[in-house]
Amino acid sequence: MLKYEVMAVNGARRLKEGIREAVCGFFTDESGDTNLISIVVVLVIVMALAVIFRKNIASLVNSMWQTIFTDANSATKSTGAAQTFS
């Protein structure tokens, strides 16, 4: 039984060291950081455009929902109201 306990303890130590090295490597490795910066810049631009054109986007989504509900109601012969977004 002692042999298996030693093997388990050694395996746990190797696992702990492997996890520690992976975490340290993740935080110290700088490859790909320019890609991350460019993704953040693109997201900021997209969010700014979404804020600027918020009303246009809302009217587009409302018209699309209205079309979807109109077509769905005519296909199923039911009465349902489209939800509007603001």
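Ile45 lies in helix H2, where helices are DSSP runs of H or I with at least four residues, strands are runs of E with at least two, and both are numbered from the N terminus. The model is predicted, so local features need pLDDT of at least 70 and side-chain atom pairs count only at pLDDT 80 or more, while totals for chains, interfaces and linings use all residues. Residues are numbered from 1 along each chain as its sequence is written, and side-chain values use heavy atoms, with hydrogens and water left out.

**Overall fold and surface**

- The protein has three helices and zero strands, and its pattern along the sequence is α-α-α.
- Of the 86 residues in the protein, 3% are buried; buried means under 20% relative accessible area, exposed over 50%, and partly exposed in between, with a 1.4 Å probe and protein chains only.
- The protein has an accessible surface of about 7800 Å², and carbon and sulfur atoms account for 69% of that surface; the areas come from the Shrake-Rupley method with a 1.4 Å probe, and for residues only the protein chains shown count as cover.

- A nonpolar surface patch is formed by Ile37, Val41, Ile45, Leu49, Ile52, Phe53 and Ile57, which together have about 650 Å² of accessible area.
- Patch residues have over 30% relative accessible area and no salt bridge; nonpolar side chains (Val, Leu, Ile, Met, Phe, Trp, Tyr) are joined within 5 Å, and like charges within 9 Å.
- Helix H2 (residues 33-52) supplies the largest share of the patch, five residues.
- Ile45 counts as partly exposed because its relative accessibility is 47%.

- The structure holds one salt bridge, defined as a side-chain nitrogen of Lys or Arg within 4 Å of a carboxyl oxygen of Asp or Glu.
- The salt bridge joins Glu17 and Arg20, with 3.0 Å between the closest N and O atoms.
- Glu17 and Arg20 are three residues apart in helix H1 (residues 2-28), so about one helical turn separates them.
- An α-helix has 3.6 residues a turn, so residues three or four places apart point the same way.
- Glu17 is partly exposed because its relative accessible area is 35%, and Arg20 is partly exposed because its value is 45%.

**Aromatic pairs**

- There are two aromatic pairs, counted where ring centres of Phe, Tyr and Trp (its six-membered ring) lie within 6.5 Å; planes under 30 degrees apart count as stacked, over 60 as edge-to-face and the rest as tilted.
- Phe26 and Phe27 form an edge-to-face pair, 5.2 Å centre to centre with 80° between the planes, and both Phe26 and Phe27 are exposed.
- Trp65 and Phe69 form a tilted pair, 5.9 Å centre to centre with 40° between the planes.
- Trp65 and Phe69 are four residues apart in helix H3 (residues 54-76), so about one helical turn separates them.
- Trp65 is partly exposed because its relative accessible area is 35%, and Phe69 counts as partly exposed because its relative accessibility is 26%.

**Helix H3**

- H3 has 23 residues and spans 32 Å from its first C-alpha to its last, close to the 33 Å expected at 1.5 Å a residue; the expected span is 1.5 Å times one less than the number of residues.
- Ala58, Asn62 and Asn73 are buried in H3.
- Lys77 follows H3 and has a positive phi, near 60°.
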